[in-house]
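Subject: Structure handover

Hello,

Here is the structure for your files. My notes on the contact between the chains follow below it.

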Number of protein chains: 2
Amino acid sequence: MSANPANRVSSGERINITSEPGRLEQELSRRGKRLTRQRRTLLRIIDTAPRHLNVEVLLRLARRADPRLNRVTVYRTLDLLKREGLVDELDLLHLRGHQHYYETRGPRDHIHVACFGCGKVREVESELFDRLKQQIEGDCDMQITVARMEIGGYCSRCRRPGL
Amino acid sequence: MSANPANRVSSGERINITSEPGRLEQELSRRGKRLTRQRRTLLRIIDTAPRHLNVEVLLRLARRADPRLNRVTVYRTLDLLKREGLVDELDLLHLRGHQHYYETRGPRDHIHVACFGCGKVREVESELFDRLKQQIEGDCDMQITVARMEIGGYCSRCRRPGL
DNA sequence: ATAGATGCAAATATTTTGCCGCCAG
DNA sequence: CTGGCGGCAAAATATTTGCATCTAT
């Protein structure tokens with residue numbers, strides 16, 4: 001099936017190399033956005049913290065540094081980053097409720113593969129995925145700004161009993 | 001890019017051939033689920049109505065036939081259909097708010113391509129997409145039950161000015 | 001100086017739950 | 001008959017808005 005090694009997916013347990021500390025701050029500054037104390041705090045966390053942050057966790061982490069920081073500011077900052085194309089918003093197939101998850105956007109999109117059994121989420125890159133996007137870009141004459149692929153199922157350890 | 005014709009995407013303006021009226025009702029019945037009046041109403045609508053229904057629209061359509069039908073019943077029925085793998089849940093990249101959209105699940109998954117400018121959503125099938133899923137299934141040893149791919153961007157008529 | 005950001009409270013939107021009476025099988 | 005289902009009200013969760021105040025530039 002994946003006879004060609006170039007087609008093989010690459011495992012997702014990598015470090016987020018795209019987010020050397022300060023990247024988001026630099027980007028926003030470059031685009032003429034104001035860097036408030038609250039934004040710096042949030043950007044630093046998003047740049048360095050675990051992937052798949054949700055609003056709840058982001059707020060909790062931010063308040064360690066700045067206890068007055070408001071939840072609304074979290075929402076507004078995430079909106080800004082979304083509009084600027086600096087973070088992606090995911091729902092991870094509603095694995096846990098209807099909240100959203102956010103992650104910094106790197107040079108290469110990846111696929112999220114989630115197990116409904118154990119809840120583990122793997123990130124996967126694939127040459128086929130990149131080609132598929134190109135194909136759609138061409139055939140639909142679209143200028144793609146967001147590409148999201150989320151796969152749900154059961155991993156080998158959680159294989160559904162009755163299937 | 002898509003030199004191989006087999007790789008070309010197929011346009012999405014097709015009829016939903018997978019939902020000949022009664023299909024959902026048959027499926028649920030076959031699985032030993034009760035067919036109440038409310039469920040029949042909802043199933044009929046989902047089987048035949050426009051794609052990308054949200055709860056609001058589904059409820060409104062349902063109440064034409066059964067004015068007492070409750071919103072909670074809509075949620076519970078959609079949950080059932082999701083659990084049974086008969087409908088897919090989408091958010092279409094939050095094109096319009098954070099609501100979800102539902103569509104009957106056919107034999108072949110498709111990609112949703114949405115334009116942030118005009119809001120149009122195209123459905124696209126692709127041989128590459130099928131191969132990508134197979135690849136992940138194999139390489140991650142996953143038993144895939146849901147595969148969602150959503151693309152956002154700007155179509156030729158809405159091309160973003162400053163990009 | 002001033003456009004734009006934050007905090008707070010309240011509003012809105014979306015989804016879930018508890019409970020009781022009802023109905024499909 | 002009876003266990004699953006639907007309606008209603010209320011709760012829980014998630015996100016947005018109005019407005020006065022503050023601050024980065």
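Six salt bridges cross the interface of chain B and chain A. A salt bridge here is a side-chain nitrogen of Lys or Arg within 4 Å of a carboxyl oxygen of Asp or Glu. One of them pairs A:R159 with B:D141, with the closest N and O atoms 2.9 Å apart.

Before the rest, the conventions. This is a predicted model, in which local features need pLDDT of at least 70, side-chain atom pairs count only at pLDDT 80 or more, and totals for chains, interfaces and linings use all residues. Residues are numbered from 1 along each chain as its sequence is written, chains are lettered from A and ligands numbered from 1 in the order in which they are written, and side-chain values use heavy atoms, with hydrogens and water left out.

Polar contacts and make-up

Between chain B and chain A, 20 residue pairs are in polar contact (both at pLDDT 80 or more). That term means a pair of N or O atoms within 3.5 Å; within protein, one must be able to donate a hydrogen and the other to accept it, and residues adjacent in sequence count only if both atoms are side-chain atoms. On chain B, the side that touches chain A draws 14 residues from strand 5, its largest share. Strands (E, at least two residues) and helices (H or I, at least four) are DSSP runs, numbered from the N terminus.

Size

The contact (heavy atoms within 4.5 Å) takes 48 residues from chain B and 48 residues from chain A. The buried area is about 4,300 Å², and carbon and sulfur atoms give 56% of it. Buried area is the accessible area (1.4 Å probe) that two parts lose on being put together, summed over both. B:Q135, B:Q143 and B:R148 supply 15% of the area that chain B buries against chain A, more than any other three residues.

Strand pairing

Strand 5 (residues 142–155) of chain A runs antiparallel to strand 5 of chain B, and 13 bridges join them. Pairing requires that DSSP finds at least two bridges between two strands. A:E150 has B:R148 as its bridge partner.

Best wishes
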